[in-house]
Amino acid sequence: MREFSRSLPMLLLRGREAVMRHFRPSLRAHGLSEQQWRILRALASVDDIEVTDLARTACLLAPSLSRMLRDLEARRLIERRVPKADLRRGIVSITPKGLRLIETVAPSSEAIYAEIARRYGAGKLAELQEMLRGLEASLQAMPIAGGEADGED
């Protein structure tokens, strides 16, 4: 068995933590958790989306997503509706207030990205992002030993 500190899951977790350590203060200052930010960012890129697709896009489990959607809806950052044709489906969209919040947070987020790119190297960062997309794509068809077990933050 490989050394614990060199295992791919631990290296990915450590890398994620090293990145998120810089984004969290800005998100907290705007009253957002990392997961809520992922939801808003995902919603900002579509007109609306089914809840199950949003969970997959934002890498969240349905029970956690449900709680977060209630909070974001109470804050009027998102809207939820149920299509009359299929009452089992839930559709979510971002509100103008949610879009304004993203616009407020974006400069801080972009400044953090710029500093990461400066320190790590813009080319290396782009290469890392491409490599991670490639890793994800190559593992999509790989069978999951013992069944699928999704995790989240």
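At 48% relative accessibility, does Arg133 count as buried, partly exposed or exposed? Arg133 counts as partly exposed; buried means under 20% relative accessible area, exposed over 50%, and partly exposed in between (1.4 Å probe, protein chains only).

This is a predicted model, in which local features need pLDDT of at least 70, side-chain atom pairs count only at pLDDT 80 or more, and totals for chains, interfaces and linings use all residues. Residues are numbered from 1 along each chain as its sequence is written, and side-chain values use heavy atoms, with hydrogens and water left out.

View A. A salt bridge is a side-chain nitrogen of Lys or Arg within 4 Å of a carboxyl oxygen of Asp or Glu. Helices (H or I, at least four residues) and strands (E, at least two) are DSSP runs, numbered from the N terminus. Glu130 is also partly exposed, at 48%. Elsewhere, salt bridges that share partners join Arg16, Glu17, Arg24 and Glu34 into one network.

**View B. Two further salt bridges involve Asp71 with Arg75 and Glu73 with Arg80.** The structure holds 11 salt bridges. Asp71 meets Arg75 at 3.7 Å, N to O. Asp71 is partly exposed at 31%, and so is Arg75 at 26%. For Arg80 and Glu73, the closest N and O atoms are 3.1 Å apart. Arg80 has 31% relative accessibility; Glu73 has 30%.

**View C. Strand S3 pairs with S1 and with S2.** Two strands pair if DSSP finds at least two bridges between them. S1 (residues 49–50) runs antiparallel to S3, with 2 bridges. Glu50 has Ile91 as its bridge partner. S2 (residues 78–81) is also antiparallel to S3, over 4 bridges. There, Ile78 partners Ile94. In a regular strand the side chains alternate between the two faces of the sheet. Both faces of S3 (residues 91–94) are covered: Ile91 and Ser93 are buried on one side, Val92 and Ile94 on the other.

**View D. Lys124 lies over the face of Tyr120.** The distance to the ring centre is 4.5 Å. A charge sits over a ring if NZ of Lys or CZ of Arg is within 6 Å of the ring centre and within 35 degrees of the ring normal.
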